[in-house]
Amino acid sequence: MLEVTVVSPHQLLFEGQARQVIFPGEHGVFEVGPFHRSLVSRLLPGRVLIDQRPPLTILRGVVQVHHDTVVAIVEPAGCEDVDNRETHHTEVHGASAGHAR
């Protein structure tokens, strides 16, 4: 199990255990599970998925994975903001901007 913490500058968005977390990373969407390699990644507009919970929609952020601990600091957004930014990102960088798992 992962120990996951997701915070914004104003509130704790999630703290608890999870089997997997999916992030909108700088080089594409990626999944973190138990025994994942250590990393730090910038997060782009999109949705953070923690197990089967409702998605957390973000504008940007950063995530650190070390051992089975995941800490993400994010700027939350409304769905409209993210949809507009994702469309712009795809138009600027092309449809194959690395959105594979």
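Val40 sits in strand β5, which covers residues 39–43; strands here are DSSP runs of E with at least two residues, helices are runs of H or I with at least four, and both are numbered from the N terminus. Val40 is exposed, at a relative accessible area of 62%. On this scale, exposed means over 50% relative accessible area, buried means under 20%, and partly exposed is what lies in between, with a 1.4 Å probe and protein chains only.

A word on the ground rules. This is a predicted model, in which local features need pLDDT of at least 70 and side-chain atom pairs count only at pLDDT 80 or more, while totals for chains, interfaces and linings use all residues. Residues are numbered from 1 along each chain as its sequence is written, and side-chain values use heavy atoms, with hydrogens and water left out.

Now zoom out to the whole chain. The protein chain has eight strands and one helix, and from the N terminus the order is β-β-β-β-β-β-β-β-α. Of its 101 residues, 36% count as buried. The chain exposes about 6,200 Å², and carbon and sulfur atoms supply 53% of that; accessible areas come from the Shrake-Rupley method with a 1.4 Å probe, and for residues only the protein chains shown count as cover. Take the contacts between residues at least 6 apart in sequence: 45% of them join residues at least 24 apart, where contact means heavy atoms within 4.5 Å.

Back to Val40, which belongs to a nonpolar surface patch with Val62, Val71 and Ile73. Together these four have about 310 Å² of accessible area. Patches are built from residues with over 30% relative accessible area and no salt bridge, joining nonpolar side chains (Val, Leu, Ile, Met, Phe, Trp, Tyr) within 5 Å and like charges within 9 Å. Val71, another patch member, is in strand β8 and is partly exposed, at 32% relative accessible area. Setting aside neighbours within four places in sequence, Val71 is in contact with Thr5, Val62, Val63 and Gln64. Thr5 is 66 residues away from Val71 along the chain, yet their C-alpha atoms are separated by 4.9 Å.

Val40 also turns up in the lining of the second largest pocket, along with Gly25, Glu26, His27, Gly28, Phe30, His36, Arg37, Leu39 and Ser41. The volume of this pocket is about 160 Å³. For the search, a 1 Å grid is laid over the protein atoms alone; a pocket is an open set of points with protein on both sides within 12 Å along at least five of seven lines, a cavity is a set where a 1.4 Å probe fits but cannot get out, and lining residues have an atom within 4 Å of a point. Grid points are joined across faces, edges and corners, and the volume is the space filled by probe spheres set on the points. Which strand gives the largest share of the lining? That would be β5, with three residues. Strands β4 (28–32) and β5 each supply at least two.

The loop between β4 and β5 holds Phe35. Phe35 has a positive phi of about 65 degrees although it is not a glycine, and it counts as exposed at 76% relative accessibility. His67 is a further case, with a positive phi of about 55 degrees, and it is not a glycine either. His67 lies in the loop between β7 (56–66) and β8 (69–76) and is exposed, at 58%.

On to the charged pairs. Side chains of opposite charge can pair when their charged atoms come close. The whole structure has three salt bridges, each a side-chain nitrogen of Lys or Arg within 4 Å of a carboxyl oxygen of Asp or Glu. Arg42 pairs with Glu26, and their closest N and O atoms are 3.6 Å apart. This pair links distant parts of the chain, since Arg42 is in strand β5 and Glu26 is in the loop between β3 (21–25) and β4, 16 residues apart. Arg42 is partly exposed at 46%, as is Glu26 at 35%.

Glu75 and Arg60 form another bridge, at 2.1 Å from N to O. Glu75 lies in strand β8 and Arg60 in strand β7, so this bridge ties together parts 15 residues apart in sequence. Arg53 and Asp51 also meet in a salt bridge, at 3.7 Å from N to O. Arg53 is partly exposed at 38%, and Asp51 is partly exposed at 21%.
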